[in-house]
Amino acid sequence: MAKLLQTPPKCLPPDWHIANKMQCASTESQKSSSERVTAESQRLVDETEKTTQKTQSDVNKKIEQRLEEIKFWKQELEDKLEQIVNETEVLLTFKTRLEKALESCKEPLVIAQQCLLNRERRVGIDLVHDEVEQELVKEVEVLQGVIALLERTLEQTNEQIRLNRSAKYKLEMDLRDKFTALMIDDYCASLTNNTPDIRYANNVVKIQGNSVSLEDWIDFSNVNIEMADKQRNNSLALRALIDRILSQTVNDVRKQFETVNVAFRNRVKEVKDAKHKLETLLAVVMDETASQEKNIAALEKAITDKEGPGQVAQTRLKARTHRPNVELCCDTVQYRLISEVQEITNNIQRLKDTLAQAEAELKGLSRRQLSLEEEIQVKENTLYIDEVLSPLIIYDGLRPDA
């Protein structure tokens, strides 16, 4: 207890002075160190402020440049999209023209084929492989060729429309992405240090794994634009081809159509001329038949008329055989009666021979009349087929501008 109440040891005056000096020295050193840190801190604050402002200003400029770059490519894509859309719409009208032209060829083809079938119903000598049939066969071949060409062109047009729409789809997707990027970067450009909703975000200071380089970004839009240009140029070339095909096919079909029409007209005229000649011959034959019938009647009457004189002469000869004795002499009357009987007999035979010839000629005329009537019927059948059953079709539907 006594130890606890002992006073602490006292320092000597030199120790006291040394301790005061050390406190002063330590304080001065700490003050100097603190002043250096303060000065360094201020310099660092000023430096980082300038760097931050400069960097943020540079970033703002980069964002503005990026916005301009996106706007440029967005405008390019929009221009190409408008071009490919317009071209596709025009190509669709050409597709419609092709479809109409194709449809307009089907009916003439059916008619031409039907004409060929109808002309198989010609009979006799008129069932001939004439110019009309040759041109109809050629017309069928021309129409079938035109239809095949139009079908191939229509398939090519459908494929080009598909390619145009594919290019349009890629442009639209690229434009959609450009619009989104433009909205995001425009939002970024609007941000300032005083914007209310700015905040720190975790794990953003890194390159995304699916990021592409600037060159790849440019190439992507370039490829889409080049593809759109390529398909648009292909579409323009195809439209020019369609124009040429429609024009050429119209010319070919119309030319063959006119050729068939001319052949039909010539053949109809030829058949009518033949029919007219046959009708003239028939009239002549019928006149000759009537004349021959009168001739036969005259011959028959002449033969009948000779019976009386013949019977008279023979009766006289018979009666004179009964003259008695020397009166039964060969006098002039006897010789003249015998001569008369022979003359009448010869005349009757000549008349009968002529009658037989006349009857044979009448039969020949009858056969000729029947043959002419049958041939006229054949010509009428042919004219009915070529004028009524084989109508001439004007190809109004097949026009280059349809």
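Is Gly 310 buried or exposed? Gly 310 counts as buried because its relative accessibility is 11%, and the cut-off for buried is under 20%. The model is predicted.

**Gly 310**
- Gly 310 sits in helix H3, which spans residues 214-320.
- Val 333 lies 23 residues from Gly 310 in sequence. The C-alpha to C-alpha distance between Gly 310 and Val 333 is 15 Å.

**Largest pocket**
- The largest pocket holds about 720 Å³ of space.
- Its lining numbers 16 residues, and the closest to the pocket centre are Gln 56, Val 59, Ile 63, Cys 188 and Leu 191.
- Helix H1 (residues 13-119) gives the largest share of this lining, with 6 residues.
- Sorted by class, the lining of the largest pocket has 9 nonpolar, 6 polar and 1 charged residues.

**Second largest pocket**
- The second largest pocket has a volume of about 210 Å³.
- Arg 66, Asn 210, Ser 211, Val 212, Ser 213, Leu 214 and Trp 217 line the second largest pocket.
- By class, that lining splits into 3 nonpolar, 3 polar and 1 charged residues.

**Annotated region**
- An unreviewed UniProt entry lists residues 341-382 as "coiled-coil region".
- In the model, residues 341-382 are 100% helix and 0% strand.
- The end C-alpha atoms of residues 341-382 are 60 Å apart.

Definitions and conventions: Residues numbered from 1 in each chain as written. Predicted model: local features only at pLDDT ≥ 70, side-chain atom pairs only at ≥ 80, totals over all residues. Heavy atoms only, no water. UniProt positions renumbered as here; feature names shortened; annotations may be inferred. Helix = DSSP H or I, 4+ residues; strand = E, 2+ residues; numbered from the N terminus. Buried < 20%, exposed > 50% of the residue type's maximum accessible area, 1.4 Å probe, protein only. 1 Å grid on protein atoms, 1.4 Å probe; cavity = no way out; pocket = protein on both sides within 12 Å on 5 of 7 lines; lining within 4 Å. Points joined across faces, edges and corners; volume = space filled by probe spheres on them. Nonpolar A, V, L, I, M, F, W, Y, C, P; charged D, E, K, R; others polar.
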